[in-house]
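Here's a protein chain to look at together. Have the 3D view open, and let's walk through it piece by piece.

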Amino acid sequence: MPNTLYELTTTRTWDYLGLSPGTPKSLLQKANMGSSVIVGVIDSGVWPESEMFNDKGYGPIPSRWKGGCVSGELFNASIHCNKKLIGAKYYVDGYVAEYGVLNKPGNPEYISPRDFNGHGTHCASTIGGSFVPNVSYLGVGRGTARGGAPGVHIAMYKACWSTGRCSNADILKAIDEAIHDGVDVLSLSLGARDSLSPETDVIDLTSVGTFHAVEKGISVVAAAGNDGPGAQTLSNVAPWILTVAATSLDRSFPTAITLGNNITILGQAIFAGPKLASVGLTYPERPLSGDCAGLAANPKNTMQGKVVLCFTADLNPTSTAVKDAITAVRNARGLGIIIARNPTHLPIPSRHFPCVMVDFELGTDILFYIRSTRFPFVKINASITLVSHSVATKVATFSSRGPNSISPAILKPDIAAPGVNILAAISPNSSLNDGGFAIMSGTSMATPVVSGVVVLLKSLYPHWSPAAIKSAIVTTAWKTDPSGEPIFAEGSSRKLADPFDYGGGLVNPEKAARPGLIYDMTIYDYVSYICSTYKYNDVSISQVLGNKTVCPKPKPSVLDLNLPSITIPNLKDEVTLTRTVTNVGPLNSIYKVMMNPPIGVSMTVTPDTLEFNSTTKIVSFKVRVSTRHKVNTGYYFGSLAWTDNLHSVVIPVSVRTQIL
């Protein structure tokens, strides 16, 4: 099979999600911090000396564990592994076959499980880092750092390298060994840029590998990708994967910019000071360039000793244009930079050099001030940390969006979690490092948040299938932020978030532990999905699945796959589909249906009441969906919920009318 390349997709989080260790009956306490679970992380390696990987208070390694640690460059398996970090391996053959030997002078790297760039360390510590008190980053904020499941056992499978690339062949080998070693959960903060191949196509080996993991009962959590906000930009779209989008937290870093006319504007930065007091402010006017991407072409003396304002239309929050602008002003011995751009929530950390983000409106106000006086000047204060309800939650601009271009009837992403300005452990080699910690952003950072929640659920319900855990997370998610405010989706224009932005919503760990009903599936459901979706013969499907498979005739409808969502991409008149729910709540329960149909769509559910008792634990229902639209439409969104006095089991509904 041809090899392809994947890319790495790159606190306050757990309090924000209501997962506090101080509450006696919390999920964290009930799950014993995840201490019975082993999580495998396929990433760029681990920095084992980080305090977040200390094993103080750990009991014995689970007896079912068959893995181990492999020594290599600056990594001693007998020293660097412990009862927390119980596995550490590396895979480079696929990468070398594609690119040749790693070019160490150009891309320094450790040929071992040791992490050079810090991505894997950050992700692993977000999942299960131990408690580390009194952590600050660049002097902004201070508190205790920890992972979502601080008692979990971690196994690192290094298949990604300092170039930011990961060979699909290496990833597949890592998955294969993780299955053999005995992991319970797999976390993959990586993805291909273009999901152009069906899940069973030979090009997408990772979906094949994760299929076999799920077949063994291993939950697989993976990043949606960082190619948003455009539509159909998702990675990891197979239905057996729990695909994660990224949101902001209820935390921001307001930074006061006071102009010479005594007007104060609040931007966003991670700047600990010292503050700048009454320094010159400039905007390079024509023939010079005020475009952030063109600052390097300006004479250095036009920026020396001043704060520089520039504008950029680039939506990528860490684009080359922004980095080049910062470098250009620094090289010119400028004192700071104010970057006007589309709204994002990604301030760039900087030491002793303020890099303040403002939107175009505020940037224009600053520009008008500069043009109003011969000697403009500015004061920039150190950033402060603001948390709680005054800061709204948003789907991040970079977070990849649906619909699913491979299988439009499969909703992706599945869920969203905080992935903006996440503080966790890092490699000392990283330029972001401050005392062994760094703030990073990406769906890479959101993925381990959900992986941590999956670890806790797996600890609480060890016999639940990956589909059951996924259902519990999706059907209990917040549709608003925890304070009750609506969740918006950032982009070229801001809008209310919909299922193609955040799937079921924002992950709600405590409610996910009490879902009431679950939409469960076995591996045979996924086999039926493959049979229903692709024009492969039984032989080719058998080769991929590893055993002889005969597809049923007639082929099943992909709309009947028992997902915790309903997505109909081509509704012409009407269609009837089936879902099945399993009661995991109180034995004797009665649920009634509540519907919020998409605009112009009618929904009828039969039966409209579900009754469960000691003998009836699984019930199926049918949903008839019809359209009143007379023309082709885009997608409209709604929901279907089952409610009793304790639970509300909600699935998103997405329907597009296609008359022609």
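Start with helix α5, whose buried residues are His119, Gly120, Thr121, His122, Cys123, Ala124, Ser125, Thr126, Ile127 and Gly128. That makes ten of its ten residues, so to speak a mostly covered helix. "Buried" here means under 20% relative accessible area, "exposed" means over 50%, and "partly exposed" is in between, using a 1.4 Å probe and protein chains only. Helices (H or I, at least four residues) and strands (E, at least two) are DSSP runs, numbered from the N terminus.

A quick word on where this comes from: it's a predicted model, in which local features need pLDDT of at least 70 and side-chain atom pairs count only at pLDDT 80 or more, while totals for chains, interfaces and linings use all residues. Residues are numbered from 1 along each chain as its sequence is written, and side-chain values use heavy atoms, with hydrogens and water left out.

**Disulfides**

A disulfide is a covalent bond between the sulfur atoms of two cysteines. In this model, a pair counts when the two sulfur atoms are within 2.5 Å. The structure holds four disulfides, and here are some of them:

| Cysteines | S to S distance |
|---|---|
| Cys69 and Cys81 | 1.9 Å |
| Cys292 and Cys310 | 2.1 Å |
| Cys531 and Cys551 | 2.0 Å |

Take Cys69 and Cys81. Cys69 is in the loop between β2 (38-43) and α3 (77-80), and Cys81 is in the loop between α3 and β3 (85-90), so this pair links distant parts of the chain, twelve residues apart. The link is left-handed, with -105° about the S-S bond. Are these two cysteines buried or partly exposed? Cys69 is partly exposed at 23% relative accessibility, whereas Cys81 is buried at 15%.

Next come Cys292, in the loop between β15 and β16, and Cys310, in strand β16; they sit 18 residues apart. Their S-S torsion is about 90°, so this disulfide is right-handed. Both Cys292 and Cys310 are buried.

Then there's Cys531 in helix α14 (residues 523-533), joined to Cys551 in the loop between α15 (538-545) and β28, so the bond ties together parts that are 20 residues apart in sequence. With a torsion of about -75°, it is left-handed. Cys531 and Cys551 are both buried.

If you count the bonded cysteines along the chain, the pattern is 1-2, 3-4, 5-6, 7-8.

Cys123 is buried, at 1% relative accessibility.

The structure holds 15 aromatic pairs. Rings of Phe, Tyr and Trp (its six-membered ring) pair if their centres lie within 6.5 Å; planes under 30 degrees apart count as stacked, over 60 as edge-to-face and the rest as tilted. Tyr95 and Tyr99 make a tilted pair, at 5.4 Å centre to centre with 35° between the planes. Both are in helix α4 (residues 93-99), four residues apart, or about one turn of the helix. Tyr95 is buried at 5% relative accessible area, and Tyr99 is partly exposed at 40%.

Now compare Tyr283 and Phe311: their ring centres are 5.8 Å apart and their planes are at 90°, so the pair is edge-to-face. Tyr283 lies in the loop between β15 (276-282) and β16 (306-311), and Phe311 in strand β16, so parts 28 residues apart in sequence are tied together. Tyr283 and Phe311 are both buried.

Elsewhere, Phe211, Trp240, Tyr526 and Tyr529 form one aromatic cluster.

His153 lies in strand β6 (residues 153-158) and is buried, at 3%. Its C-alpha atom is 4.7 Å from that of Ile38, 115 residues apart along the chain. Thr567 lies in strand β28 (residues 566-571) and is buried too, at 3% relative accessibility. Leaving aside its neighbours within four places in sequence, Thr567 is in contact (heavy atoms within 4.5 Å) with residues including Pro408, Tyr635 and Ser654.
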